[in-house]
Amino acid sequence: MKKRLPALVLALTLILLTIPTAAADYTFTDRSGTTRTVKDGEYSFATRVVEFIPGDPWTNIERNQNPAVTLGEPDYAGSDSGADLCLGAGGVLTLEFDVSIVDGEGEDVYVFEVGGQVEATRVEVSSDLVTWYDVGTAKGATAGLDISGKVPDGGRFRYVRLTDLEGSHSDWPGADIDAVLALNSKPVTSDWAETEIDKAREYGLIPDILEHAVMDEPITRLEFAAVAVKTYEALSGTAALPATVNPFTDCTDVEMLKAYNLNVAVGVSSNTFAPDQLLNREQAATMLARVFKRVTMPGWSFEADASYPLSFQQPAPFADDAVISGWARESVYFMAANQIINGVGENRFAPANVTSEQEAGGYANATREQALAIAVRMVENLKP
Ligand SMILES: [Ca+2]
Ligand SMILES: [Ca+2]
């Protein structure tokens, strides 16, 4: 009985330690015994293996040869758990994150190495997989690294590269990596979009579906519908209500039902919404022009749209005017006239992908950060 007590206490302690303070936060005890909580830490672990080059010698133990076990939260539960990757002597592991590591207070990146001692691992960060910054060595009790002074000011780093420096000779040569965590991070955005994303947050335009999203990737119809709802709410000061009857068989998302109820988003057929389809720039312009009409024109509906023309000074035609769809033309030029959606250079609007090359390169796809930047300008330029 006495002997079992410590195990019980340990079990209870573990349960208490693993209760998160908020759904998305991540709490752990570091190598020096300090409890740390990372805000939104659930989203701050590595998400993709870019490359793994095993060292030489490497391990023969198959369960420790899979680099994918370093993704997500640490899950080491003894040497049988297969939760860690053996780097091998001089092995190199490159990981991608869905957040950008930034220099914040104290340490900025944490390496979960398993075993009694952290075997020496060089830690580098990069924003482009080309230029790497050495931010120090994870070794001994030191598993967290402060990138301050080791990277350019204001840098944002989506990639971490770990290189084994020790290559100790055992059944598991080199460091054994369970997980890597960004302690200080920001959303992944293009440089130009940083201030726009900050403003979008300030104006309440980022829907739940885009919290923790990689912002420079293309936006889907569902995600954009959610942005349109937020834009409507910001412009009108009114909360949108979901439709009570859902005509679509491929989507039940409540934000879609709000956008549909507002007549701002419609299906691609009478019973399909195509939530995962990517949105192009003329579709984005059209959906947001509907938001504007909904807010400013009492009585407007999708059905009666033709009776509610937008009033604006017609700008000079875009060089690719001929490929703008008829149904999108009014919205595209309204957005251009109000400097809400600008061209892409050389006086082109890039309304839709018309060649297979454009389709493959995503030429006319709106990205998440573009969509949010448009929403920000809607609020700044058009708020009644
Ligand atoms: Ca720091
Ligand atoms: Ca793991």
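Analyst: Let's start with a definition: a helix axis is a line fitted to C-alpha atoms over the stretch in contact, and angles between axes run from 0 to 180 degrees between N-to-C directions. Keep in mind that this is a predicted model. With that, take helix α2 (residues 194-202) and helix α8 (residues 368-382): their axes come within 9 Å and cross at roughly 60°.

User: Why is α2 called oblique to α8?

Analyst: Angles under 35 degrees count as roughly parallel, over 145 as roughly antiparallel, and 65 to 115 as roughly perpendicular, with the rest being oblique. The α2 and α8 axes cross at roughly 60°, and that makes α2 oblique to α8. The crossing of these two helices is also left-handed.

User: Which residues of α2 and α8 meet?

Analyst: On the α2 side you have Glu 196, Ile 197, Lys 199 and Ala 200, and they meet Glu 369, Leu 372, Ala 373, Ala 375 and Val 376 in α8. Sorted by class, that contact has six nonpolar residues, three charged ones and no polar ones.

User: Let's zoom out. What does the whole chain look like in numbers?

Analyst: The protein chain has eight helices and 12 strands. Its C-alpha trace spans about 80 × 55 × 35 Å along the principal axes. Of its 384 residues, 41% are buried. And if you take contacts between residues at least 6 apart in sequence, 70% of them join residues at least 24 apart.

User: What makes strand β5 largely enclosed by the rest of the structure?

Analyst: A residue is buried if 20 or more other C-beta atoms lie within 10 Å of its own. In β5 (residues 92-101), seven of the 10 residues are buried, so the strand is largely enclosed by the rest of the structure.

User: How do you know that β5 pairs with β3, and in which sense?

Analyst: Pairing takes at least two bridges between the strands. β3 and β5 have six, in the antiparallel sense, and Ala 46 stands opposite Phe 97 in β5. Strand β10 (residues 157-164) also pairs with β5 over six antiparallel bridges, and there Thr 94 has Arg 161 as its bridge partner. Then there's strand β12 (residues 185-187), which pairs with β5 in the antiparallel sense over three bridges; Ser 100 is partnered with Lys 186 in β12.

User: What makes β4 and β9 edge strands?

Analyst: They belong to an open sheet of four strands in the order β4-β11-β6-β9, with antiparallel pairing. β4 (85-86) and β9 (144-145) each pair on one side only, and they are the edge strands.

User: How many bridges join β6 to β9?

Analyst: Two bridges join strand β6 (residues 109-113) to β9, and the strands run antiparallel. At least two bridges are needed for a pair, so β6 and β9 qualify with their two.

User: Why does Leu 129 count as partly exposed?

Analyst: The cut-offs are 20 or more neighbours for buried and 12 or fewer for exposed, with partly exposed in between. Leu 129 has 13 C-beta neighbours inside 10 Å, so it counts as partly exposed. Leu 129 lies in the loop between β7 (118-126) and β8 (133-140), and it has a positive phi of about 65° although it is not a glycine.

User: Is Glu 346 buried or exposed, and why?

Analyst: Glu 346 has 8 C-beta neighbours inside 10 Å, so it counts as exposed. Glu 346 sits in the loop between α6 (329-337) and α7 (356-361). Its phi is positive too, at about 55°, although it is not a glycine.

User: What's in the loop between β3 and β4?

Analyst: Glu 73 is one of the residues there. Glu 73 has 15 C-beta neighbours inside 10 Å, so it counts as partly exposed. Not counting residues up to four places away in sequence, Glu 73 touches Tyr 26, Phe 45 and Ala 179. The C-alpha atoms of Glu 73 and Val 291 are separated by 40 Å, with the two residues 218 apart along the chain. Pro 57 is found in the loop between β3 (46-53) and β4 as well, and a cis peptide bond with omega about 0° joins Asp 56 to Pro 57.

How values were computed:
Residues numbered from 1 in each chain as written. Chains lettered and ligands numbered in written order. Predicted model: local features only at pLDDT ≥ 70, side-chain atom pairs only at ≥ 80, totals over all residues. Left-handed = near helix turned anticlockwise from the far one by under 90°. Contact = placed C-beta atoms within 7 Å. Nonpolar A, V, L, I, M, F, W, Y, C, P; charged D, E, K, R; others polar.
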